[in-house]
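Hi,

Could you have a look at it before you read on?

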Amino acid sequence: MKSTPLSLIAGVVALAAVTGFAALNAPGDEGVTEAKAAARLPVERSSLLCPAPSTSDLAETTYTSFTPAGEGGGEAGAAELTPAEALPADEDAPADDADKTDGKDGDKADGADREKTADAKPVLSLKDLGKPSTADTSKSDAPALIGTATGGFAPGWAAQQTTVTSAGGARGLLGVSCTAPDTDFWFPGASTGASRQDYVHLTNPDDTAAVADIELYGAEGALKSDVGEGITVPARSSVPLLLSTLTDEAAENLTVHVTTRSGRVGAVVSAAADGVGSDWLAASDDPASTQIMPGIPADATSVRLVAFAPGEDDADVKVQLMGKNATFSPAGNATLHIKSRMTASVDLKDVTRGEPGSLRLTPVGGSTTPVVAALRVVRGTGAKQEIAFIPATGPVGERATVADNRAKGSVLSLTAPGETAEVKVTASAGSGGGEATVKTYTVKGGTTLQVDPEVPAGLKGGYALTVQTESGGPVHAARTLTLQESGVDMFTVQTLPDDGGTVEVPAAEQDLKVLDD
């Protein structure tokens, strides 16, 4: 008897949930029909990468892991963050040299590194769906973390790294949402200026080496660099690279482009500025003709827009602030001309003037030239200044989550650049106890709504915020976390793009024929 094995069907569905695509063909069966429709299924595996937090002896770091409940079809699975191998940049061999090493020795060394990191004890394991788990460290040599979530813990998995450094050149509240590995990243808003110490952190989650290239673009175009090409990131390892060592040119406003020739990495920039603290600069959303940067604090004392056009054509964009009640262009900065492959910047000063806002860039005159963008935001004055960054981000889509919210100091910004929209915001149970709360908000088109999230009842510890679009147009969101340290209101801003918790799977029909031999 000959039949199509049912395990094949289950395997195809699982593959689709991991990769986002699958086709169903039965071996030797000519009765298969073409896919007629597509369905969305929860992913069954997610990867997140957290950079090494700080080299300061004064740094205190909290890791938070969270997966929303009810979307994964069961609780089987796990979500763990494990240490990566930490490698100084100067120990890294360029790709050309790495290719010349003896194959056997290289395989043995690489295998030993993989075995060492694979056996490492997890720094943090998520215990329950719908409830965050946390871990703390004060080690100055704390490593980058490689995270994997499987089964019911994978859809919508989020991890946050929050570091408080109370003094020194890296003083500040540094927050970053741990990122998925990829092959292409844009970072407008970096710097090689004398007042900045910016590092790009590259983390490789895989069992084979990745090879990356780093391009730097200033106001006059590409900066000369002889060492930004062919950077090898060994298997399951992380490498920090000081941007000012990649070029002899000082550029106050810089766009960093990270790509990989082989493999994939997580990439994020740590930025420390003299006199105004430090924070993480996450990657901008992919190049597009329209970009949204949500969540500018109402009391921002300085806002600088940095934008870049990666294509062959110049870009002209309209600059608009979506405020509390309306959309308007900042006085004297209604438009911005961005020359091809040159970084443009404009000082918008205290553009929000006491009201929360979000910045929107849209093409002028029918242009469709794609751009990337980010904001450098400063709060406070004099010795109490503090810096943060807001990269352009996509909408929350079906769902987006940010972890590590506190009983005090968490603010959620929601902006609807098009039609009025309604969103549901869920504050999860606390890491140490409490009950989740749910509230619905209406965001008027062309405005920014700032809300103090409703804290979970009986909250103990931190909690996660999950935003879901219920109706209307797209909504972009950001969370600002503020902690007071030594009289300074330290703050950090994380955006909330769609969590990618589901993937589109082509549906296929198949006649399962059972034939007697």
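**Salt bridges**

Arg40 comes out as partly exposed, with a relative accessibility of 44%. On the cut-offs used here, buried is under 20% relative accessible area, exposed is over 50% and partly exposed lies in between, with a 1.4 Å probe and protein chains only.

Before the rest, two notes on the source. This is a predicted model, so local features need pLDDT of at least 70 and side-chain atom pairs count only at pLDDT 80 or more, while totals for chains, interfaces and linings use all residues. Residues are numbered from 1 along each chain as its sequence is written, and side-chain values use heavy atoms, with hydrogens and water left out.

Back to Arg40: what does its side chain pair with? Its salt-bridge partner is Glu398, with 3.7 Å between the closest N and O atoms. (A salt bridge here is a side-chain nitrogen of Lys or Arg within 4 Å of a carboxyl oxygen of Asp or Glu.) The two residues are 358 apart in the chain, Arg40 sitting in strand β1 (residues 37-42) and Glu398 in the loop between β28 (386-391) and β29 (400-405). Glu398 is partly exposed too, at 48% relative accessibility. Helix and strand labels are DSSP runs numbered from the N terminus: helices are H or I with at least four residues, strands are E with at least two.

The whole structure has 9 salt bridges. Another one joins Glu386 and Arg171, at 3.1 Å from N to O. That pair also links distant parts of the chain, 215 residues apart: Glu386 is in strand β28 and Arg171 in the loop between β9 (158-165) and β10 (172-177). Buried or exposed? Glu386 is buried, at 0% relative accessibility, and Arg171 is buried at 14%. Then there is Asp198 with Arg196, a salt bridge at 2.7 Å (N to O), and both of those residues are buried.

**The chain overall**

There are 517 residues, 51% of them buried, and the secondary structure amounts to 3 helices and 39 strands. Of the contacts with a separation of 6 or more, 82% are between residues 24 or more positions apart; a contact means heavy atoms within 4.5 Å.

**Strands**

Elsewhere, β29 is mostly covered, with 6 of its 6 residues buried. β29 pairs in the antiparallel sense with β36 (residues 463-472) over 4 bridges, and Ala400 has Val467 in β36 as its bridge partner.

**Cores and rings**

Which residues have the most contacts inside the largest nonpolar core? They are Leu202, Ile214, Val256 and Val258, in a core of 32 residues. (A nonpolar core is a set of buried Ala, Val, Leu, Ile, Met, Phe, Trp, Tyr and Cys residues joined through side-chain atoms within 4.5 Å.) Beyond its neighbours within four places in sequence, Ile214 is in contact with several residues, including Val200, Leu202, Leu246 and Val256. There is also a second, separate core of 29 residues, with Met293, Ala315, Val371 and Val377 among them.

Finally, the structure holds 3 aromatic pairs. Rings of Phe, Tyr and Trp (its six-membered ring) pair if their centres lie within 6.5 Å; planes under 30 degrees apart are stacked, over 60 edge-to-face and the rest tilted. Phe185 and Phe187 are stacked, 6.3 Å centre to centre with 10° between the planes, and both are buried. Tyr217 and Phe308 form a tilted pair, at 4.8 Å and 40°. They are 91 residues apart, in β13 (residues 210-218) and β21 (residues 300-308) respectively, and both are buried. Ring pairs also bring in Trp186, which joins Tyr217 and Phe308 in a cluster.

Cheers

Note on methods:
Pairing = 2+ DSSP bridges.
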